[in-house]
Amino acid sequence: MKRRHFIRNTALASLLMQLPTSAMSLGFGDGKRLRTAHVGVGNMGAADLEAISSHELVDVVALCDVDTNALDAAKKLHPNAKLYSDYRVLLKEMGEDVDAVIVSTPDHTHAPVSMMAMEMGKPVYCQKPLTHHVTEARAMQKLAEDKNLVTQMGIQVHSFYDYKLATLLIQAGIIGKVKTVHAWSPKNWGYDGPEPKGSDPVPKNLDWNLWLGTAAKRPYKEGYYHPGDWRKLLDYGCGTLGDMGVHIFDTPYNALQLKVPTTIVNNCRKPNGYGFPEKNTVTYMFPGTKYTDKTLKWVWYDGEGAPAAHEDLKLPNGDKLPSQGAMFIGEKGRLLLPHFMKLPQLIVDGKYEDLDMSLVPDQGPPVRDYGAEGKKHYHQFVDACLGKDECSAPFSYSSNLTETILLGVIASRFPNKTLHWDDATAQFSEEEANVFLGGEYRDF
């Protein structure tokens with residue numbers, strides 16, 4: 001090797017050693033554009049595809065879905081992308097022709113796809129909740145850390161103006177130390193009925209085996225699984241808590257710098273072995289942080305009629321609560337955060353007070369364009385992959401948030417029973433609950 005080539009290559013190697021693995025992974029592209037593969041392109045997956053591909057430096061090179069109708073629709077928008085029904089085949093065949101993977105499947109497939117992609121050194125954007133099981137959340141956090149990968153959970157409101165403002169206000173002490181949080185959604189992603197009997201013909205557009213993926217095999221039944229009802233069912237979704245809870249928990253969780261709770265109790269109906277309860281009231285207790293009292297109580301309500309009436313939730317002038325949102329209860333007052341696209345409201349001594357904006361850095365004018373706000377979060381991921389930004393909801397953060405959510409989901413298996421969680425061992429004191437921390441993967 002000529003001396004000048006040796007010096008050049010040695011200098012390049014030295015530079016690469018200083019770069020994060022995520023940036024190095026772009027070495028098989030030109031490092032100036034991001035080539036993305038999208039696993040799951042129907043419903044929310046279609047929205048994810050549109051938002052990611054709206055970045056001017058993104059090239060969509062692969063599309064994957066078990067439903068050919070969704071795949072055909074996505075193909076019309078990205079005619080040059082290669083098409084797949086099996087994510088495993090995509091990742092093996094495309095290999096170094098993919099720089100980052102976007103995972104927008106039902107919850108039970110989040111971890112299998114993400115883990116395979118990360119094992120190959122790919123940055124991953126994964127929809128919320130991050131995983132279906134607690135063990136998966138911890139495994140994904142560790143793998144992302146071990147490989148130093150760019151990661152982002154798909155929780156777009158994390159980057160919205162209103163939510164960032166609420167975080168800054170709470171951390172600036174606008175209501176003092178927080179002792180309680182109430183959060184709610186009247187949505188019903190539960191199912192109190194019986195498990196359906198029999199089977200229906202699988203639609204020609206659907207590969208049912210691939211849709212089930214690592215979940216246990218069961219017969220197809222029209223109207224119960226694909227395309228939209230899987231969130232209600234134990235084997236595939238995480239109920240209302242896993243859907244809306246992640247969004248609504250996010251800001252209080254982030255603002256108060258929480259990690260995971262010590263106790264969890266869910267007031268709900270008895271388990272039926274098939275669907276999540278249609279109504280849940282979950283009470284968490286968290287260790288205190290610098291923004292809270294010695295401990296923090298958190299109460300989540302979902303289902304029809306949520307939230308239950310409570311003195312903490314009464315508004316001035318007899319006003320009605322927003323249909324979804326969170327209320328911080330502090331030593332100096334309360335802060336109401338509607339969900340979504342509305343400014344937080346300060347309540348002191350039973351009256352509304354103006355927000356003291358001098359407490360926080362200038363956030364610029366409020367944005368009221370959902371599309372523009374939503375794309376921020378996606379574009380942040382793209383820019384981070386290109387070494388131009390950092391993600392605000394990486395797996396190091398979102399895995400803990402997801403774990404907290406999933407502990408409440410597990411508590412629905414033990415109605416009205418307080419479960420005690422040990423963060424260090426990742427185990428419940430109640431041995432019978434530990435069975436639900438993970439699940440067996442089916443070969444398919």
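## Basis of the description

Two strands are said to pair if DSSP finds at least two bridges between them. Helices (H or I, at least four residues) and strands (E, at least two) are DSSP runs, numbered from the N terminus. The structure is a predicted model, in which local features need pLDDT of at least 70 and side-chain atom pairs count only at pLDDT 80 or more, while totals for chains, interfaces and linings use all residues. Residues are numbered from 1 along each chain as its sequence is written, and side-chain values use heavy atoms, with hydrogens and water left out.

## The parallel sheet

An open sheet is formed by 6 strands in the order E3-E2-E1-E4-E5-E6, with parallel pairing. Its edge strands, E3 and E6, each pair on one side only. From one strand to the next the twist averages 20°; axes here are lines fitted to C-alpha atoms, for helices over the stretch in contact, and angles run from 0 to 180 degrees between N-to-C directions.

Within this sheet, strand E1 (residues 34-39) runs parallel to E2 and is joined to it by 6 bridges. His 38 has Leu 63 as its bridge partner in E2. Helix H6 (residues 110-119) lies across E1, strand E4 (100-103), E5 and E6, and runs at about 175° to E5. Helix H12 (residues 395-411) also packs on the sheet, where it touches E5 and E6, and its direction makes about 40° with that of E6. Contact means heavy atoms within 4.5 Å.

## Strands E5 and E6

Strand E5 (residues 124-127) and E6 run parallel and are joined by 4 bridges. The bridge partner of Val 124 in E6 is Thr 151. Between the two strands the chain passes through helix H7 (residues 134-146), and this β-α-β crossover is right-handed: with the strands pointing away from the viewer, the path from the first strand over the helix to the second runs clockwise.

In a regular strand the side chains alternate between the two faces of the sheet. In strand E6 (residues 151-154), Thr 151 and Met 153 point one way and Gln 152 and Gly 154 the other, and all are buried. Buried means under 20% relative accessible area, exposed over 50%, and partly exposed in between (1.4 Å probe, protein chains only).

## Helix H4

In helix H4 (residues 68-77), Ala 70, Leu 71 and Ala 74 are buried. Seen down the axis of H4, the buried residues fall within an arc of 95°, so they line one face of the helix; the arc is that of the directions from the helix axis to the C-beta atoms. These buried residues pack against helix H3 (44-53), strand E2 (58-64) and strand E3 (82-84).

At the start of H4, the backbone nitrogen of Asn 69 lies within 2.8 Å of a side-chain oxygen of Asp 67.

## The mixed sheet

Another open sheet has 10 strands in the order E14-E13-E12-E11-E7-E10-E9-E8-E15-E16, and its pairing is mixed. Strand E14 (351-353) and strand E16 (427-428) are the edge strands, each pairing on one side only. Strand E7 (residues 178-185) pairs with strand E10 (residues 292-302) in the parallel sense over 7 bridges, and Ala 183 has Trp 300 as its bridge partner in E10. Helix H10 (residues 239-255) lies across E7, strand E9 (280-287), E10, strand E11 (325-330) and strand E12 (334-338), at about 150° to E10.

E12 is mostly covered, with 5 of its 5 residues buried. Arg 334, Leu 336 and Pro 338 lie on one side and Leu 335 and Leu 337 on the other. E12 pairs with E11 in the antiparallel sense over 5 bridges, and Pro 338 is the bridge partner of Gly 325. The hairpin of E11 and E12 has 3 residues between the strands, and Gly 333 takes a positive phi near 160°. E12 also pairs with strand E13 (residues 345-348), in the antiparallel sense over 3 bridges. In E13, Ile 347 is the bridge partner of Arg 334. The hairpin of E12 and E13 has 6 residues between the strands, and Met 341 in the turn has a positive phi of about 65°.

## Leu 406

Leu 406 lies in helix H12 and is buried, with a relative accessible area of 3%. Leaving aside neighbours within four places in sequence, Leu 406 is in contact with Thr 131, His 132, His 133, Val 134 and Cys 238. The C-alpha atoms of Leu 406 and Leu 90 are separated by 30 Å, and these residues are 316 apart along the chain.

How values were computed
A polar contact is a pair of N or O atoms within 3.5 Å; within protein, one must be able to donate a hydrogen and the other to accept it, and residues adjacent in sequence count only if both atoms are side-chain atoms.
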